[in-house]
Amino acid sequence: MTNALSLPLTARLHDAMASLEAVPVAKVTGRLVKVNGLMLQAVGCRFKLDQRFLVETAEGDMIEAQVVGFDHTIAYLMPIRRLGGLFAGAKVIPLEGDSHVHLGHHWLGRVVNGLGEVLDDGAPLTGGERVSLDPQPINPLKRRPVDTPLDVGVRAINGLLTVGKGQRIGLMAGSGVGKSVLMGMITQNTEADVIVVGLIGERGREVREFVERNLTPESRRKAIIIAAPADESPLMRLRATLLCHRVAEYFRDKGKDVLLLMDSLTRYAMAQREIALALGEPPASRGYPPSVFSILPQLLERAGNSEHPDGSLTAIYTVLAEGDDQQDPVVDSARAILDGHVVLSRQLAEQGHYPAIDINASISRCMNACTEKPHHMIANQFRQCYASYLQVKELLPLGGYQPGQDPELDRAVMMHPQLKAYLLQGADETLDYSQSLTQLAQLFASEATSS
């Protein structure tokens, strides 16, 4: 009798315990108390820096936001998307887990935003490997050195500013000098397994133009475009920048040779400036708070080679020099961190000299490590000859220079047309690494023969 009664009771208890799993667990939520520009203030729950939250709107939708600071019990949140429909007392719901994305080879050939949402007409990106947006830093003693040249298809860079696999370099210039065109040439011509392009804070129309004009069908199949135009929120621009680097790191660690192009690093710094100033951080240098110059090395050090025996991550950043000032704080900070810089001259661009590379103001710090000694000796000879010509350039129209007084200056003046022709290259013209070196060697071989 006891066993007969206990069996139904046990079954009922088992069913009751199973039903508890369907009962929703209470979740602590906060509430919105103030909106000041792009900054949201919330109270009522435990907030952690960089934690993500969902903020309720009057229409019943949810806006994702992220904690960027706090003051005692008040948390400062910034929305990832543009604001709309917020009201006082709105629920602020915490999201569990860290920021992550699901990556895989199905990302190749796609255009996405900073959240990994597709912007093209293809299917949504589903599946793949779950990857955190915050990777572990690389031990500097375990990084593989930069010792292999990278063919970028631009003669002036291949021959005189050779870039190595795993190098980080900046394209520095004012607005309208040809940074985007040069970046498009590099995108089309560089030998890489995967190309990651970040269009951060630029004009919205440039996204479609870059895809249609600067990517051939072959390069499109191995490219991933991550876009956050200027009308996106500062946090979305930061998120897109981090996603660019995380995608590039993922494929590098899979043994691929990756080329990361980011346009532009300055817009990333400006996005951080907007957030820092909204939090009340005092401006330090030309309106940039100190936090801007602390996050730049954290970002740039993620590029380069890792400890893996295969794979490389070469990064090229465009850096906007406001007012063509090469002492602009972002330009100066980037120049100190990167492994080289290519300076584009407005004066050369106005003369129709494209790409408008100022050879004597540019440098590749890894060139000697990834080229043979005869190569960089000829490159130095080119620089010296070009610099000598610039010394007398302004005297030539005035008749102030008399040949025969200085053999080095005479040689520089005589060779200048050939030097200038070597630096010129059409946007649709491709010259590989071996051709660039051959033409550079022939330049001085013919000069030695004529002399």
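What follows moves from the overall fold to particular side chains.

This is a predicted model, in which local features need pLDDT of at least 70 and side-chain atom pairs count only at pLDDT 80 or more, while totals for chains, interfaces and linings use all residues. Residues are numbered from 1 along each chain as its sequence is written, and side-chain values use heavy atoms, with hydrogens and water left out.

The C-alpha atoms of the protein fill a box of roughly 120 × 50 × 40 Å along the principal axes. Of the 451 residues in the protein, 49% are buried, a term that stands for under 20% relative accessible area with a 1.4 Å probe, counting protein chains only.

Rings of Phe, Tyr and Trp (its six-membered ring) pair if their centres lie within 6.5 Å, and planes under 30 degrees apart count as stacked, over 60 as edge-to-face and the rest as tilted. By this rule the protein has 6 aromatic pairs. The planes of F47 and F53 meet at 40°, with ring centres 4.9 Å apart, so this pair is tilted, and both F47 and F53 are buried. Y250 and F251, by contrast, form an edge-to-face pair, with 85° between the planes and 5.2 Å from centre to centre; Y250 and F251 are each buried.

One aromatic cluster is formed by F382, Y386, Y422 and F444. The charged end of R155 sits over the ring of Y422, 5.3 Å from its centre, where sitting over a ring requires NZ of Lys or CZ of Arg within 6 Å of the ring centre and within 35 degrees of the ring normal. R273 likewise lies over the face of Y288, at 4.4 Å from the ring centre.

How values were computed
Buried means under 20% relative accessible area, exposed over 50%, partly exposed in between (1.4 Å probe, protein chains only).
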